[in-house]
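Here's a quick tour of one model, starting with the ligand and then moving on to some strands. Have the structure open as you read.

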Amino acid sequence: MKVMIMGMDGYLGWTLSMYLSGRGHDVCGVDNMSRRRNVQEIESWSATPIKSMKERLEAYKKATGRELRFYEGDLQEPSFTDLVIAKEKPDCIVHLGEIPSAPYSMIDLDHCNYTQMNNIIGTNNILFAMKKHVPECHLLKLGTMGEYGTPNVDIPEGFFEIEYRGRKDTLPFPRQPGSWYHLTKVHGTYNIMFACKIWQLRSTDIMQGVVHGVVTDDMVNDDLLTRFDFDEVWGTALNRFCAQAIIGHELTPYGRGGQTRGYLALRDSMQCLTIAIENPPDAGEYRVFNQFDECYSVNKLAEYVVKVSKEFDLDAKIWNIENPRLEAEEHYYEPDMKHLPNLGFKPTYTLEDELRITIPKLVEYKDRIEAKRQSIMPKIKWTA
Ligand code: NAD
Ligand code: USQ
């Protein structure tokens, strides 16, 4: 299958490009390299010393004999997006090419607008180019479990049956996102659903939990590593806790630490996305897959990191710091996850076993984490 990966230079995008190519797919990708600039803006960097895209492509060819094609450009530009889709005519577009950070979108008006314009316009440009050039193409779009928020009832996969004033219908489950970033994903969801309805496009909207880990089997040498962020803006919870343990920084669950989310390992995210790619929806179908391995509170995650760190002679300590976000710190959380297991998904390792791979790998980059220690403590406040 010819797969075009929007956001090829990113944490998931680079990993997925190699994973799909290894399974025999013809992979090309797009990126405007904004993630690298946006991380620099807050004076941080990836713990892993990632190579330029040119070096990555050469290293991949040297290691495997296989080629990946790459186009540098901005999905916010309608003519660029139209051109690459018309040129490649992909069977599947995996759209990862968005700004993924909740804290970044909460900095101020400029960062809110940048995130919203980037994410909503980029997706619309893809939809219009698909309609024009590849109406049969499958759009696999990365949404987020955070679209749903933390309702006091079970969370279905996208839709639920409701009876109201004596009448029944199947409707989109209410979205209650918790940041300007998470809102972009909700807007994207409705735009894609509408495009599928009016133009008979086909799409899978992935409500993905928080991803963790740094190693997959394709990273056979360090030139092929993906990025790994740990600062307050771009690092996600479990990845941050691992990096903190390595430099002897207290682990930082926010507030009471009962915030519960779905988490999944990077290698399992690759497995899930590939299952969705290889099992496309029908024309006109808009479907939603929830995607995670297990749900954990941030306190529980920190406890796992303390436990596994000990095996590597790291004495990690937990410090529940003041929560910079506006979010429930104790709540019900029971999301469904049936579609992907029904199509064959099985988590590869337990959380602890994945940590036994991540932590020693990150120890190799201890100096790079230490060098950006100042970027760890949160300064961006939701209600400021
Ligand atoms: P990332 O920032 O590492 O990757 C996104 C890539 O897209 C970056 O390389 C960036 O330069 C590129 N990009 C952004 N805007 C672009 C534009 N206008 N034109 C071209 N390229 C553009 O993020 P990630 O962690 O790999 O996440 C990928 C997707 O998955 C995002 O949509 C994110 O919201 C979603 N997601 C991520 C996680 C997670 O925990 N990492 C969890 C759930 C959902
Ligand atoms: N948290 C801590 N301590 C930290 C960092 C985070 O307690 O040091 C807490 C947050 O307050 C939140 C939870 O951990 O309650 C998750 O935060 P996060 O930063 O790991 O994740 P989030 O901001 O939700 O965003 C990440 C990705 C985003 C994706 C989302 C999936 O950056 O792209 O959409 O995870 S989900 O959380 O399911 O919406």
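What lies 3.2 Å from a nitrogen atom of ligand 1? That would be a polar side-chain atom of Asn32. Keep in mind that this is a predicted model.

## Around the ligand

In the side chain of Asp74, an N or O atom sits 2.8 Å from a nitrogen atom of ligand 1. Gly97 uses its backbone instead: an N or O atom there is 3.3 Å from a nitrogen atom of the ligand.

Who's in the shell? There are 27 residues around ligand 1, and those coming nearest are Asp31, Asp74, Asn118, Tyr181 and Lys185. Sorted by class, the shell holds 10 nonpolar, 10 polar and seven charged residues. Two or more of them come from each of α1 (11-22), α2 (34-41), α7 (180-199) and β9 (210-212).

## From β9 to β10

To get from β9 to β10, the chain passes through helix α8 (residues 237-246), making a right-handed β-α-β crossover.

## β10 and its other partner

β10 also pairs with β12 (residues 294-297), this time antiparallel and over four bridges. Here Tyr263 shows up again, with Glu294 of β12 as its bridge partner.

Why is β10 (residues 260-265) largely enclosed by the rest of the structure? Because five of its six residues are buried.

Key: Residues numbered from 1 in each chain as written. Chains lettered and ligands numbered in written order. Predicted model: local features only at pLDDT ≥ 70, side-chain atom pairs only at ≥ 80, totals over all residues. Heavy atoms only, no water. Near = heavy atom within 4 Å. Polar contact = N/O pair within 3.5 Å; in protein donor to acceptor, adjacent residues only side chain to side chain. Nonpolar A, V, L, I, M, F, W, Y, C, P; charged D, E, K, R; others polar. Buried < 20%, exposed > 50% of the residue type's maximum accessible area, 1.4 Å probe, protein only. Right-handed = clockwise from strand over helix to strand, strands pointing away. Pairing = 2+ DSSP bridges.
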